[in-house]
Amino acid sequence: MGEKRIEIVTESMFYTLMAFTAKDGSGAEAAAFTERISNGRVRLGPATIYTILGRFEKEGVIKEIRRDGRSRIYTLTGKGKRMYENECRRMETCLRDAAKGSF
């Protein structure tokens, strides 16, 4: 049995994808971007960000494009861009549904 494919995009995963849509970078840069863009609401500690990066790399969502000293610099693949776009559409649908009101 192989490892499960990414089916659910968590908030931490979504913000990591968002960071790499903004620009290629390291895990530390993605974590800093996330904290900045969310006004400190979402903080990705080293264990979280590097777990996400490892899984994303294994699944072909990101790929390493170079090393900068000890930092690994990543870029989104086509699969990663599609994942981000699909998640944005999913959330937009959820918000439209929420705007319809209660039952």
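Reader: How many helices and strands are there in the chain?

Author: This is a predicted model, in which local features need pLDDT of at least 70 and side-chain atom pairs count only at pLDDT 80 or more, while totals for chains, interfaces and linings use all residues. Residues are numbered from 1 along each chain as its sequence is written, and side-chain values use heavy atoms, with hydrogens and water left out. Helices (H or I, at least four residues) and strands (E, at least two) are DSSP runs, numbered from the N terminus. The chain has four helices and two strands.

Reader: In what order do the elements of the chain run?

Author: The order is read from the N terminus on. It is α-α-α-β-β-α.

Reader: What percentage of the residues in the chain is buried?

Author: Buried means under 20% relative accessible area, exposed over 50%, and partly exposed in between, with a 1.4 Å probe and protein chains only. The chain has 103 residues, and the buried share of them is 36%.

Reader: Are H1 and H2 roughly parallel or roughly perpendicular to each other?

Author: Two packed helices are described by the angle between their axes and the distance between the axes. Axes are lines fitted to C-alpha atoms, for helices over the stretch in contact, and angles run from 0 to 180 degrees between N-to-C directions; under 35 degrees counts as roughly parallel, over 145 as roughly antiparallel, 65 to 115 as roughly perpendicular and the rest as oblique. H1 (residues 11-22) and H2 (residues 27-37) pack at about 105°, with axes 9 Å apart. H1 and H2 are therefore roughly perpendicular.

Reader: Which residues of H2 make the contact with H1?

Author: Contact means heavy atoms within 4.5 Å. From H1 come Tyr15, Thr16, Met18, Ala19, Phe20 and Ala22. On the side of H2 the residues are Ala30, Phe33, Thr34 and Ile37.

Reader: How many residues of each class has this contact?

Author: Ala, Val, Leu, Ile, Met, Phe, Trp, Tyr, Cys and Pro count as nonpolar, Asp, Glu, Lys and Arg as charged, and the others, Gly among them, as polar. The contact of H1 with H2 has eight nonpolar, two polar and no charged residues.

Reader: Which residue other than glycine has a positive phi near 55°?

Author: Most residues other than glycine have a negative phi. The residue in question lies in the loop between H2 and helix H3 (46-59), and at 74% relative accessibility it counts as exposed. It is Asn39.

Reader: Is Thr77 buried or exposed?

Author: Thr77 sits in the loop between strand E2 (71-76) and H4. Leaving aside neighbours within four places in sequence, Thr77 is in contact with Gly60, Val61, Ile62 and Lys63. At 17% relative accessibility, Thr77 counts as buried.

Reader: Where is Arg90, and what is its relative accessible area?

Author: Arg90 belongs to helix H4 (residues 78-99). Arg90 is partly exposed, and its relative accessible area is 43%.

Reader: What separates the C-alpha atoms of Met91 and Met13?

Author: Met91 is also placed in helix H4, and counts as partly exposed at 28% relative accessibility. Met91 and Met13 are 78 residues apart along the chain, and their C-alpha atoms are separated by 14 Å.
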